[in-house]
Amino acid sequence: MPTFLQTRLKSAIAASAAATLLATAACGGDDELDTLNIDFATYNPLSLVMLEHGWLEEELEDHGVDVEWMQSHGSNRANENLRAGNIHIGSTAGSAALLNRAVGADTHTILIESQPEWSALVTREGSGIDSADDLEGATVAATLATDPFFFLARTLSEHGLSLDDVEVQSLQHADGRQALDNGDVDAWAGLDPIMASAEVDGAELVYRNVDFNTYSVVNATGDFLENHPEIAQVVINVYEQARQWAEDNPEETAEILAEYASIDGDVAELVLSERVSFDIDPVPGEDLHAALEPVGPFFVENGDVDSQDAVDEALETLFRSDFAEDREATDAQGTEDAADEATITEDEDQ
C-alpha cells in the first residue's frame with residue numbers, strides 16, 4: 001500500500017494536471033506570458049534580495065512581463081504550487097526537487113541558490129533526548145517531502161533506526177518549532193532561519209550532519225522552460241546579480257533576511273555567516289548529483305516512490321543546467337520602495 005505521502009503526491013499531481021490545462025486555456029495559450037509567477041522564501045535568501053530591490057521587475061519590463069510573487073513556507077508548498085501551475089519558478093531543497101520529479105511532476109532544477117546547512121535535529125531542555133541514539137519511541141515534528149524530513153530519515157538509518165521507530169508529526173516548519181516549544185513533541189527536524197531562532201532562544205541542536213543537507217535550488221516547470229526560455233534566462237541572470245550582491249554585502253543581506261523572516265539580526269547573521277554559502281558554482285552538476293544520489297533509496301524505502309528505477313530516471317533528467325551555464329549578472333538598479341510596490345499573492349493553503 002502506498003504511504004500517506006505518496007497518496008497525497010499522486011493525487012495532487014492528477015489534480016494539478018487538470019488545473020494547469022484550465023489555466024493554460026484561460027491565459028490564451030502557451031505562447032503568451034503576461035505575468036511571471038515566482039516564489040520567495042526565507043530559506044532562499046537570494047529571492048528576498050531580489051524582491052527587496054525590484055531587480056526582476058525592472059529586467060522584465062522590457063519584455064512586457066509583470067512579476068507576481070508568492071511566499072513558500074516549505075519545499076512541499078513550492079512543489080505543490082509548481083505542480084498546480086500556480087508558479088512558474090519555485091524554491092526547494094534538492095531532495096524535494098528530486099522527489100517531485102520522481103513521482104511524475106514535470107519540473108526541472110535550473111539553479112543552485114546556495115549551499116546551506118539548514119537542517120538539524122532539535123530538542124528542548126528536559127526532552128530526554130541527548131543524541132540521535134535516544135530517538136526510538138520519540139515523537140518528532142517534521143515537514144513531509146522537505147530536506148528536514150529526509151534529514152530525519154537518514155539520521156535514523158545511520159543510528160540503526162527507521163521512521164517506524166518514531167512517531168512523525170507532519171507539521172509545517174514554523175508549526176514544528178511551536179510544537180517543540182509547547183512540549184507537544186520530543187524533537188523537531190528543524191529548518192533555518194526558524195531553527196537558528198529556536199537555537200538562540202535555548203533549543204539544542206543534538207545532531208548535525210552537513211552531508212545530510214541537500215542544496216538550496218531553484219526549479220521551473222517544463223512547460224515554462226519550453227515556451228519561455230528567454231524569460232527563464234532573465235530570472236537566472238537576476239539571481240546571479242543577487243548572488244554577487246549578497247557576497248559583497250553580507251550585513252545588508254542579513255538585515256533583509258531578518259526583516260522577511262521576522263527574526264533578530266543576530267539570528268540572521270548566524271544563519272548567513274555560519275550555515276549558508278553563496279560562494280558556490282550555481283550550475284546544477286556533479287556536486288548536486290552526488291548530494292542527491294544517497295537520498296533516492298529513502299524515497300523507495302518509505303514507499304514515496306514505486307521503484308529505484310523511477311528515482312534514477314528522475315535524477316538523470318532533473319537538471320536543466322544550460323540556463324545557469326549561460327548566466328550573466330544583470331545590472332538592474334532597483335528602487336528603495338520596490339518591495340512595497342511588488343505584487344504578492346497569498347498562498348491560501350499555507
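## Cavities

The lining of the second largest cavity divides into five nonpolar, four polar and one charged residue. In this classification Ala, Val, Leu, Ile, Met, Phe, Trp, Tyr, Cys and Pro are nonpolar, Asp, Glu, Lys and Arg are charged, and the others, Gly among them, are polar. The residues lining the second largest cavity are Tyr43, Gly74, Ser75, Ala93, Trp118, Thr146, Asp147, Pro148, His173 and Leu191. A cavity is a set of points, on a 1 Å grid over the protein atoms alone, where a 1.4 Å probe fits but cannot get out, and lining residues have an atom within 4 Å of a point. The space in the second largest cavity is about 40 Å³; a volume is the space filled by probe spheres set on the points, with grid points joined across faces, edges and corners.

This is a predicted model, in which local features need pLDDT of at least 70, side-chain atom pairs count only at pLDDT 80 or more, and totals for chains, interfaces and linings use all residues. Residues are numbered from 1 along each chain as its sequence is written, and side-chain values use heavy atoms, leaving out hydrogens and water.

The count of cavities of 30 Å³ or more is two.

## Sheet

An open sheet with mixed pairing is formed by five strands in the order 7-6-8-5-9. Strands (E, at least two residues) and helices (H or I, at least four) are DSSP runs numbered from the N terminus, and two strands pair if DSSP finds at least two bridges between them. Strand 7 (167-170) and strand 9 (204-207) are at the edges with a single partner strand each, so one side of each has no neighbour in the sheet.

Strand 5 (residues 121-123) pairs with strand 9 in the antiparallel sense over three bridges. Val122 is opposite Leu205 in strand 9. Helix 7 (residues 173-182) packs on the sheet and touches strand 5, strand 6 (139-142) and strand 8 (187-189); contact means heavy atoms within 4.5 Å.

## Thr330

Thr330 is in the loop between helix 16 (322-325) and helix 17 (338-341). Thr330 counts as buried because its relative accessibility is 14%, the limit being under 20% relative accessible area (1.4 Å probe, protein chains only). Apart from neighbours within four places in sequence, Thr330 contacts Glu59, Asn237, Val238 and Gln241.

Definitions and conventions
Axes are lines fitted to C-alpha atoms, for helices over the stretch in contact, and angles run from 0 to 180 degrees between N-to-C directions. On a 1 Å grid over the protein atoms alone, a cavity is a set of points where a 1.4 Å probe fits but cannot get out, and a pocket is an open set with protein on both sides within 12 Å along at least five of seven lines; lining residues have an atom within 4 Å of a point. Buried means under 20% relative accessible area, exposed over 50%, partly exposed in between (1.4 Å probe, protein chains only).
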